[in-house]
Amino acid sequence: MTNDNDTTDAPALPRRTLVLGGARSGKSHYAETLVMRLATATATPPVYIATAEAGDAEMLARIDEHQRRRDPVWTTVETLLGLDEALASHAHTDRPVLLDSLTLWLSNVMHAGLDVPGETEKLLLAFDGASAPIVCVSDEVGLGLVPDSALGRQYRDALGRLNQRIAAQADRVILVAAGLPLILKDVT
């Protein structure tokens, strides 16, 4: 019997991948495994573009957990905004890139009062123009409760639209639930 979360027999990583899932679904760990597998096979150190900000003790603990889990071979780039620039600066090398997460990036954009459609277009151009393999992680928030605030609903809708746009450009889209991957799209 094979482990569905084992990527040792998985096909090669395509140029653009989107990994979706709910909170604590295992999506980040799964995405890290995909990127690390390619990095190991090609002896190319991976790049981790992190968008989280430790605004409180709980978020600091989550960030720490992600950092402890990663092999020291990763180069970590922290960016709250300007994700298109961070992606573009690493996406034209042979180093695989993990972008974790679109969820937090969008929250940062909205919190900063930036133009969400404009920032999204810049990100999509960088994602589409990348030559390095890129794995983006994002939450699938459309399956839960309807937020009780207008801002919460605006965020949920904006993230749903962003996920759809990234998925349309992605070569592979994977939904992770309970640590198990389900391939939704694979055009490789």
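**A walk around the seven-stranded sheet**

Hi everyone, let's start with the sheet: seven strands form an open sheet in the order S3-S2-S4-S5-S1-S6-S7, and the pairing is mixed. At the edges sit strand S3 (75-78) and strand S7 (180-186), each of which pairs on one side only. From one strand to the next, the twist averages 20 degrees. Please keep in mind that this is a predicted model.

Now for the overall layout. The chain has six helices and seven strands, and from the N terminus on they follow the pattern β-α-β-α-β-α-β-α-α-β-α-β-β. Along the principal axes, the C-alpha atoms fill a box of roughly 45 × 40 × 35 Å. How does the radius of gyration fit with a compact globule? For 188 residues, such a globule would come out near 16 Å, and the chain has 16 Å, so the two agree. Buried residues account for 45% of the 188 residues. Of the contacts with a separation of 6 or more, 75% are between residues 24 or more positions apart.

Let me zoom in on strand S1, residues 16-21. Is this strand enclosed or open to the outside? Six of its six residues are buried, so S1 is largely enclosed by the rest of the structure. In a regular strand, side chains alternate between the two faces of the sheet. Here, Arg 16, Leu 18 and Leu 20 point one way, while Thr 17, Val 19 and Gly 21 point the other way, and all are buried.

And which neighbours does S1 have? With strand S5 (residues 134-139), S1 pairs in the parallel sense over six bridges. Strand S6 (residues 172-177) also runs parallel to S1, joined by five bridges.

Helix H1 (residues 27-42) touches S1, S2, strand S4 (97-100), S5, S6 and S7, and its direction makes about 175 degrees with that of S5. Helix H6 (residues 150-169) packs on the sheet as well, touching S1, S5, S6 and S7, with its direction at about 145 degrees to that of S1.

There is a helix pair to look at, too. Two packed helices are described by the angle between their axes and the distance between the axes. For helix H3 (residues 83-90) and helix H5 (residues 116-129), the axes come within 8 Å and cross at roughly 10 degrees. That angle is under 35 degrees, so H3 counts as roughly parallel to H5. Leu 83, Asp 84 and Leu 87 make the contact from H3, and Lys 122, Leu 123, Ala 126 and Phe 127 from H5. By class, that contact has five nonpolar, two charged and no polar residues.

One last stop: Asn 108, in helix H4 (residues 102-111). Buried or exposed? With a relative accessibility of 15%, Asn 108 counts as buried, because the cut-off is under 20%. Leaving aside residues up to four places away in sequence, Asn 108 touches Thr 51, Leu 80 and Leu 81. Its C-alpha atom is also 8.6 Å from that of Ala 52, 56 residues apart along the chain.

Notes: Residues numbered from 1 in each chain as written. Predicted model: local features only at pLDDT ≥ 70, side-chain atom pairs only at ≥ 80, totals over all residues. Heavy atoms only, no water. Axes fitted to C-alpha atoms, helices over the stretch in contact; angles between N-to-C directions. Helix = DSSP H or I, 4+ residues; strand = E, 2+ residues; numbered from the N terminus. Parallel < 35°, antiparallel > 145°, perpendicular 65-115°, else oblique. Contact = heavy atoms within 4.5 Å. Nonpolar A, V, L, I, M, F, W, Y, C, P; charged D, E, K, R; others polar. Buried < 20%, exposed > 50% of the residue type's maximum accessible area, 1.4 Å probe, protein only. Pairing = 2+ DSSP bridges. Rg over C-alpha atoms; globule rule 2.2 N^0.38 Å.
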